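Colleague: I would like to learn how to read this structure feature by feature. Could you take me through it?

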Amino acid sequence: MITGELKNKIDGLWDVFAAAGLVNPLEVIEQITYLMFIHDLDESDNLREKESAMLGLPYQSIFADEVVIGDRTVNGKHLKWSVFRDFPAGQMYTVMQEWVFPFIKTLHGDKNSAYSKYMDDAIFKLPTPLLLSKVVDALDSIYALMDEAKAADIRGDVYEYLLSKISQSGRNGQFRTPRHIIRMMVELMKPTADDTICDPACGTSGFLVSAGEYLKENHKEEIFFNKQKKDHYMNHMFFGYDMDRTMLRIGAMNMMTHGIDNPYIEYRDSLSDQNPDRNKFSLILANPPFKGSLDSDTVSTDLLKMCKTKKTELLFIALFVQMLKTGGRCACIVPDGVLFGSSTAHKAIRKELVDGNRLEAVISMPSGVFKPYAGVSTGILIFTKTGHGGTDNVWFYDMTADGFSLDDKRVEVKENDIPDVIERFHNRFNEMDRERTEKCFFVPKEEIVDNDYDLSINKYKKTEYVPVEYPSTKEIMTELHELEIEITKGLAELEEMLNE
């Protein structure tokens, strides 16, 4: 959640665009995103150069001494944000318009790459050198405040605050997944260097970026010292689909900024027949749109066979099952209604997870997790595709705190179940005998089947009632009489004082 000076700075940046006549939120967010990408490109290039030096690996900076742009050769250092930001406004504008912007549009040599697809139609729309100079100064001060904040989630919060200004977004129930929840889900799934990872509703690629960061932290040597695995990581591991070109552009830039050269970020309606991916991925991480309702004519027929509905949250779960290869794992966020809804479609999708595959865990999250953007109650489903069942016992966890207050302010608090969720999930089979009065426990498959495949934790959690002894009526009446005497005495003393 962005507050205080940082929020004021971003609002001020928005006002700078408005004063120059740029008032379309989609245009403004795109222009800001391009400039943030150019800034981040400089930072990430420096970081990757340092990392390569530490690992003893060769690295060729994208800002080499000479860079060819069209039919011209220019000094690559002049394309760095840290250099051109100090130029006079007129020179900066010329460098940006004639060198930097054409440079980032053709940055990726592969014309079929996600980056090239979504930068091809990018247009630099800042009309004057003065506006560019003001925007660059404003972004510098925003980045300085972000660095001061030293919060892991701050970059994501800034992106989300910007995106919240696009009134068209969220019409199908999309909203940003907080980065600490994404990170929790990634740590629950523990991606490996051999995984092929997909988010069929990727937005700004938050899940894919976090999975990439996890792999760099936990499998760095395996990935970067093995030629095949490095190629897989850079070019064949990450897949993301969305129907919003602005999100795809931001997503592609986000992935490249985090050192993943060629993610497969594609414009696609994942629920339609234009999505041919079946039995392909070993890991799916997603927060699909909730509350969206579709025309069933556009939905893939094989999804409708599994779950005849127009509800996007149910169709996406059916899609995840079909996109995973046998043995593939999925962690996805679902609204609470998916867990206990009584319609035929709700029961069908839960039956598919429990009877047709191996449902591993249901994690209930507090309703404030997505505030201030939405107050919906949600849970996380974790399952493995087997195609022939395998559910024995399902692990339930009642998560009541995520490290932030559950109101619209979302300030940091001490209460945080996330480390406990991760720790207990990975050691859950050592705790098969936990009581149902505790935060987490197992429920056998047979009991879930007997309860119409209900997956809401409240169906199985037991509340421990502690008997409270109250005083008898006689004791209460005696106490009231004593209080009455004291009050009467006090009033008499007060009256005496007033009459003196």
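Modeller: Gladly; let's start with a single lysine. This is a predicted model, in which local features need pLDDT of at least 70 and side-chain atom pairs count only at pLDDT 80 or more, while totals for chains, interfaces and linings use all residues. Residues are numbered from 1 along each chain as its sequence is written, and side-chain values use heavy atoms, with hydrogens and water left out.

Colleague: Is Lys-439 buried, partly exposed or exposed?

Modeller: The general idea is a scale of relative accessible area: buried means under 20%, exposed over 50%, and partly exposed in between (1.4 Å probe, protein chains only). Lys-439 has a value of 27%, so this residue is partly exposed. Asp-417, by contrast, is buried because its relative accessibility is 11%.

Colleague: What do the side chains of Asp-417 and Lys-439 meet in?

Modeller: They form a salt bridge, with 3.2 Å from N to O. The term stands for a side-chain nitrogen of Lys or Arg within 4 Å of a carboxyl oxygen of Asp or Glu. Asp-417 sits in the loop between β12 (412-416) and α17 (418-426), and Lys-439 in the loop between α17 and β13 (440-444), so the pair ties together parts that are 22 residues apart in sequence. As for the element names, helices (H or I, at least four residues) and strands (E, at least two) are DSSP runs, numbered from the N terminus.

Colleague: Which residues do salt bridges that share partners join into one network?

Modeller: Asp-420, Arg-424, Glu-431, Arg-434 and Glu-438 are linked in that way.

Colleague: How many salt bridges does a search of the whole structure find?

Modeller: The search gives 27. One of interest joins the side chains of Asp-302 and Arg-278, at 3.1 Å from N to O. Asp-302 belongs to helix α13 (residues 301-306) and Arg-278 to the loop between β5 and β6 (281-286), so this pair ties together parts that are 24 residues apart in sequence. Asp-302 is partly exposed, at 26% relative accessible area, and Arg-278 is partly exposed too, at 23%.

Colleague: And what about Lys-347 and Asp-452: how many residues apart in sequence are the parts this pair ties together?

Modeller: Their side chains meet in a salt bridge of 3.1 Å, N to O. Lys-347 is in helix α16 (residues 344-356) and Asp-452 in the loop between α18 (445-450) and α19, so the parts tied together are 105 residues apart in sequence. Lys-347 counts as partly exposed at 29% relative accessibility, as does Asp-452 at 42%.

Colleague: Now to the strands. What is the order of the open sheet of nine strands?

Modeller: Strands of a sheet pair through backbone hydrogen bonds, either parallel or antiparallel. Two strands are taken as paired if DSSP finds at least two bridges between them. Here the nine strands run β5-β4-β3-β6-β7-β9-β8-β10-β13, with mixed pairing. At the edges are β5 and β13, each of which pairs on one side only.

Colleague: Which sense of pairing do strand β10 (residues 393-398) and β13 show, parallel or antiparallel?

Modeller: Antiparallel, over five bridges. Within that pair, Tyr-397 faces Cys-440 of β13.

Colleague: Why is strand β4 (residues 238-242) largely enclosed by the rest of the structure?

Modeller: Because five of its five residues are buried. Phe-238, Gly-240 and Asp-242 point one way from the strand, whereas Phe-239 and Tyr-241 point the other way. On one hand, β4 pairs with strand β3 (residues 197-199) in the parallel sense over three bridges, where Asp-199 stands opposite Gly-240. Its pairing with strand β5 (residues 264-267) is also parallel, over four bridges, and Tyr-241 stands opposite Glu-266 there.

Colleague: Lastly, which residues make the nonpolar surface patch of about 920 Å²?

Modeller: Ile-476, Met-477, Leu-480, Leu-483, Ile-487, Leu-491, Leu-494, Met-497 and Leu-498. Patches consist of residues with over 30% relative accessible area and no salt bridge; like charges are joined within 9 Å, and nonpolar side chains (Val, Leu, Ile, Met, Phe, Trp, Tyr) within 5 Å. Leu-498 is part of helix α19 (residues 473-499), and with 68% relative accessible area this leucine is exposed.

Note on methods: Areas by Shrake-Rupley, 256 points an atom, 1.4 Å probe, with all protein chains shown as cover.
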